[in-house]
Amino acid sequence: VIDIRKLYAKTGKFTYDPAFTSTASCESKITYIDGDKGELLYRGYPIEQLAQNSDFMEVSYLLLNGELPTKEQKDKFMHDITYHTMVHEQLNHFFSGFRRDAHPMAIMVGVVGALAAFYHDSTDISDERQRIIASYRMIAKIPTIAAMAYKYSVGQPFSYPRNDLSYAGNFLHMMFSVPCETYKVSPTLERAMDMIFTLHADHEQNASTSTVRLAGSSGANPFACISAGCACLWGPAHGGANEAALKMLEEIGTPDRIPEYIERAKDKNDPFRLMGFGHRVYKNYDPRATVLRKTAHEVLNELNIKNPLFDVARELEKIALEDEYFVEKKLYPNVDFYSGIILSAMGFPTSMFTVLFAVARTVGWVAQWNEMISDPVQRIGRPRQLYTGATRRDYIPMDKR
Ligand code: ACO
């Protein structure tokens with residue numbers, strides 16, 4: 001029997017790196033994370049400064065183009081995005097094909113992939129102009145599709161986009177306005193939504209972004225690639241974590257039950273993990289969680305909500321950060337820990353949380369996809385494997401098995 005592991009080790013031709021914890025698959029100039037310092041930079045700018053001073057459209061321009069826009073560049077960019085906010089009317093029929101109780105992420109995966117069937121004029125990836133239009137279409141249409149998925153689930157008519165509103169404001173309008181009432185977007189909630197979009201816009205080579213790049217490396221059209229990104233993001237260890245974090249806080253219910261859950265998280269015989277804690281790269285505080293803790297305060301104040309889950313969350317954070325297990329393993333709250341509290345206060349059902357993440361991350365996916373397509377050294381992605389199955393053997397007829 002050939003020991004393939006030894007062979008690989010001897011030839012030195014392969015790196016066995018399960019889950020790619022230490023293998024770079026590409027060069028990138030978009031996002032930088034220093035996990036030990038708890039630092040996140042978009043094109044060199046610290047996330048805290050962007051969250052404080054910028055807005056999602058400006059951040060989108062920055063991620064796509066590498067520099068902050070001038071006023072004219074930003075106006076032009078916003079014009080180009082708003083030009084594409086509507087979806088093909090025929091696409092509306094797709095929604096009625098889904099069950100009303102379908103998870104909105106299932107709808108997202110299907111409808112985003114279906115865009116390629118409607119926008120043939122932006123699927124030729126060898127044409128730079130088509131790539132740009134596809135990028136704008138994706139960023140512009142994803143909130144429309146997300147809001148339509150929600151409206152369909154609650155049995156309300158779709159709300160058409162309003163291009164006089166900001167990206168976040170328009171999204172809130174499409175989500176929550178109904179034809180029989182005038183909907184006024186609250187500036188605090190619009191700002192919080194914009195902040196959540198900004199904080200989730202990109203995060204270098206995470207699982208869904210790597211999925212988008214890998215799908216794109218075969219030459220697949222961008223709509224198909226973003227649909228693949230949505231599918232990957234849906235997993236509970238990735239974009240599904242804020243939904244899981246909120247469910248966990250609800251299950252804990254009151255601060256006195258926290259120690260019980262802390263003990264469960266430490267018990268290796270119990271699969272339970274503290275959702276919203278820990279990160280593959282951050283081994284210090286996730287800077288996005290700090291910003292969101294503050295935003296959670298603001299949103300709850302604005303809405304005059306006394307949410308006991310926020311108290312549970314803060315107490316859980318305090319206890320975990322003093323616990324030897326969490327300190328030793330460098331487990332800190334991540335971006336998902338507080339975002340669920342904010343989103344539910346704003347009126348989003350938990351099933352929409354991952355959808356919102358997908359809306360925000362689309363700009364990162366699109367920026368990373370464009371960077372990959374323009375990179376001359378990129379070829380079709382094709383990870384190798386360390387084969388550990390049977391060595392060659394002869395077929396055994398049925399009566400001899
Ligand atoms: N609660 C309890 N223990 C944990 C947790 C947690 N949330 N996270 C990690 N650990 C422990 C593991 O049991 C493991 O212990 P061991 O060394 O004794 O075996 C150790 O810490 C390392 O954990 P890994 O799973 O190997 O770390 P990895 O970097 O692969 O995982 C992940 C990162 C998936 C985020 C993990 O921390 C986790 O499952 N967290 C909860 C889910 C979550 O919040 N996901 C959101 C990620 S952020 C995002 O996608 C935007």
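**Close-up 1. Crossing of helices H8 and H9 in the predicted model**. The axes of helix H8 (residues 167-176) and helix H9 (residues 187-200) approach to within 8 Å and cross at roughly 110 degrees. Because of this angle, H8 is roughly perpendicular to H9. The crossing in which H8 passes H9 is right-handed.

**Close-up 2. Residues in the contact between H8 and H9**. Helix H8 contributes Ala168, Gly169, Phe171 and Leu172. From helix H9, the contact is made by Leu189, Glu190, Met193, Asp194 and Phe197. Grouped by class, the contact of H8 with H9 comprises 6 nonpolar, 1 polar and 2 charged residues.

**Close-up 3. Surroundings of the ligand**. The ligand is surrounded by 17 residues, of which the closest are Ala241, Arg273, Phe277, Gly278 and Arg280. By class, the shell around the ligand contains 8 nonpolar, 5 polar and 4 charged residues.

**Close-up 4. Positions annotated as "active site"**. In an unreviewed UniProt entry, the feature "active site" is placed at His279 and Asp336. His279 lies in the loop between helix H13 (258-266) and helix H14 (287-302).

Notes. Residues are numbered from 1 along each chain as its sequence is written. This is a predicted model: local features need pLDDT of at least 70, side-chain atom pairs count only at pLDDT 80 or more; totals for chains, interfaces and linings use all residues. Axes are lines fitted to C-alpha atoms, for helices over the stretch in contact, and angles run from 0 to 180 degrees between N-to-C directions. Helices (H or I, at least four residues) and strands (E, at least two) are DSSP runs, numbered from the N terminus. Angles under 35 degrees count as roughly parallel, over 145 as roughly antiparallel, 65 to 115 as roughly perpendicular and the rest as oblique. A crossing is left-handed if the near helix is turned anticlockwise from the far one by less than a right angle, and right-handed if clockwise. Two residues are in contact if their C-beta atoms, placed from the backbone, lie within 7 Å. Ala, Val, Leu, Ile, Met, Phe, Trp, Tyr, Cys and Pro count as nonpolar, Asp, Glu, Lys and Arg as charged, and the others, Gly among them, as polar. A residue is near a molecule or strand if its C-beta atom, placed from the backbone, lies within 6 Å of it. UniProt positions are given in the numbering used here, feature names are shortened, and annotations may be inferred rather than shown by experiment.
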